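Please have the sequence and the three-dimensional view at hand while reading.

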Amino acid sequence: MTAPKTLYDKIWDAHVVDEADDGTCLLYIDRHLVHEVTSPQAFEGLRMASRKVRAPEKTIAVPDHNVPTTLGRENPDQMPEDSRIQVAALDKNAKDFGIHYYPVTDVRQGIVHIVGPEQGWTLPGMTVVCGDSHTATHGAFGALAHGIGTSEVEHVLATQTLIQKKSKNMKVEITGKLKPGVTAKDITLAVIGATGTAGGTGYVIEYCGEAIRDLSMEGRMTVCNMAIEGGARAGLIAPDEKTFEYVKGRPHAPKGAAFEAALSYWKTLFTDEGAHFDKVVTLKGEEIEPVVTWGTSPEDVLPISANVPAASDFTGGKVGAAQRSLDYMGLTPGMKLTDVKIDAVFIGSCTNGRIEDLRAAAAVLEGRKIAEGVRCMVVPGSGLVRAQAEEEGLADIFIAAGAEWRMAGCSMCLAMNPDQLAPEERCASTSNRNFEGRQGFKGRTHLMSPAMAAAAAVTGHLTDVREMMGEMA
Amino acid sequence: MEKFTKLTGIAAPMPLVNIDTDMIIPKQFLKTIKRSGLGVNLFDEMRYDRNGNEIPDFVLNQPAYREAEILVAGDNFGCGSSREHAPWALKDFGIKCVISTSFADIFFNNCFKNGILPVVLPAEAVTYLMEDATKGANARLTVDLEEQTVTASDGKTFSFEVDPFRKHCLMNGLDDIGLSLEKVSAIDAYESRAKTQFPWL
């Protein structure tokens, strides 16, 4: 009898092309997603070595990081020259190397991690890589998905493999039920708050437990998306009926008999009873509160009911880091988080730019107005999400509330395009990183769920969305 | 790729924990389609004010550390995004080795692809080397990859672990893609196996 395996063990074993004596493996890559920022040097490397893309049919490209999110953006004059050159390079590379491509004019264009699942490129049991750390998102399908650097992008383009050593197995279990007003974003931030940003280093995390099972596919993507913020190589969730239902009928998902064959394999993708985990973290779902970050690391997480901490609340190297964060964020220890006033709200990103995220934000904003002096930007994760939100009337709610309704892209999550904070502007953001300067030079970011960000937009300060839920129909 | 064998150089102390890739190279510099020229923008927002003037307090702006080739850094160096622009910027500035208690996974991988050696040492050793580094240009560290040691200016030596395959590639400046393409028959064989086993892919 073979030893019990984790889900990660199973996917890993199914993709080993070659294993050296020291355990270094050549791992086969089923899907390679490409965007404009981390790929130009890789394509240049191929050209210089006269190499081709080994499997162009498994390679999908879309511009997302740089693209403007304003209407009329197909006019290249809307982009600064360096961005235009980078997007034009992707246009040309996609054409020259014959890979699937969604240009900025295509309604299917969007953030690469939203487009992949939406188009059925992401399937259970696959290996998925992209030159972007938030590739972890695709783990929600029970796919082994992680970010790689540009040299590795070139390696995958040339060989359809990666040189890898196996990570350790970590289990993160969320037991029980979430309370009303608590979402997938709160789960993933609470986990990072508990483990720290290096807590997952060297591991692949499998998220499990009742609260994870209860999440929709979109919620699961939010959870896995931020596995990297906890330091893990990847996050995984075993596929189930929700996964199969989500995948079925998508443009690039298998059809008919091929789907049935795939399904019978996908149903074997779970962690066997008694399989070994090197590290286990358990949180009780009912104890998770709506959370926000106060500092400049995603591990700086607190329930919205808490007060801003003091540097002296920490130990070791974190004391200096916490003081630096407090200074950078302009916060006074002891003040209530709900007293922190905001200037801007960003709703979008690969973490929270899907239709359910927009529905959650719209549910709070419906019949309400964004506070005076606050600017609120809503950026759908793809052109198709945008179209659906318009069809469902969500866009009308955002516009009536006073928000900006934008075109799809990464936008103010990393602020590579003009969507940026001004120095010392404070933002309630549904994105994934609150690093110094992330959303603009000296900009101040508080991470939270879409519903919490919408609540902050209405009141003008960080707010417990549950206080507004009573009034919601 | 440039080889890394043995390096004796000035080490700059950066005790801050969780130095992320947005700090190492902010996003406005990711719009390049080249690998070179990023050194001038390394740690840009810590190194320059809004008008582009150097901030004198920042370690790499201090006279003793302008020629630094080694960084001694706080825990979890390189966390955040996958941007290889981070090691490109370090390399372009002249940094060839970073010493810390821990590194973020993708950054760690990216270093090896660019001839930079990330050295993981226990907290006591990093603290010792950090103090040594605060002595400025007089405190040169020696990093010997063959022997897997870091030697402080007073001769105190610390041993570190490194993956044998990565050590081999770094010491010989080997190109990963060339090595993997030597295994093309194994890749072909995998693909034909997968065609039967996973026909929907």
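## A helix pair in chain A

At what angle do helix α13 and helix α16 of chain A pack, and how far apart are their axes? In this predicted model, helix α13 (residues 355-365) and helix α16 (residues 450-459) of chain A meet at an angle of about 30°, and their axes are 8 Å apart. Because angles under 35 degrees count as roughly parallel, α13(A) is described as roughly parallel to α16(A). The crossing of these two helices is right-handed.

On the α13(A) side, the contact is formed by Asp357(A), Ala360(A), Ala361(A), Val364(A) and Leu365(A). The α16(A) side contributes Pro450(A), Ala451(A), Ala453(A), Ala454(A), Ala455(A), Ala457(A) and Val458(A). By residue class, the contact of α13(A) with α16(A) comprises 11 nonpolar residues, 1 charged residue and no polar ones.

## Strand β19 of chain A

Strand β18 (residues 426-429) of chain A pairs with β19(A) in the parallel sense, over 4 bridges. Within this pairing, Arg426(A) is placed opposite Arg444(A) of β19(A).

In a regular strand, side chains alternate between the two faces of the sheet. Strand β19 (residues 444-447) of chain A is covered on both faces. Arg444(A) and His446(A) lie on one side, Thr445(A) and Leu447(A) lie on the other, and all of them are buried.

## Chain B as a whole

Chain B contains 8 helices and 7 strands. The C-alpha trace of chain B spans about 60 × 40 × 25 Å along its principal axes. Of its 201 residues, 45% count as buried. Among contacts in chain B between residues at least 6 apart in sequence, 68% join residues at least 24 apart.

## The sheet of chain B

Chain B has an open sheet of 7 strands with mixed pairing, in the order β4-β3-β2-β1-β5-β6-β7. Strands β4 (117-120) and β7 (157-159) of chain B each have a single partner strand, so they stand at the edges with one side lacking a neighbour in the sheet. From one strand to the next, the twist averages 25°.

Strand β3 (residues 97-100) of chain B runs parallel to β4(B), and 4 bridges join the two. Val98(B) has Pro118(B) in β4(B) as its bridge partner.

Helix α5 (residues 123-133) of chain B lies across several strands of chain B, including β1 (6-14), β2 (70-73), β5 (140-144) and β6 (149-151). This helix runs at about 90° to β1(B).

Note on methods. Residues numbered from 1 in each chain as written. Chains lettered and ligands numbered in written order. Predicted model: local features only at pLDDT ≥ 70, side-chain atom pairs only at ≥ 80, totals over all residues. Axes fitted to C-alpha atoms, helices over the stretch in contact; angles between N-to-C directions. Parallel < 35°, antiparallel > 145°, perpendicular 65-115°, else oblique. Left-handed = near helix turned anticlockwise from the far one by under 90°. Contact = placed C-beta atoms within 7 Å. Nonpolar A, V, L, I, M, F, W, Y, C, P; charged D, E, K, R; others polar. Buried ≥ 20, exposed ≤ 12 C-beta atoms within 10 Å, placed from the backbone. Pairing = 2+ DSSP bridges.
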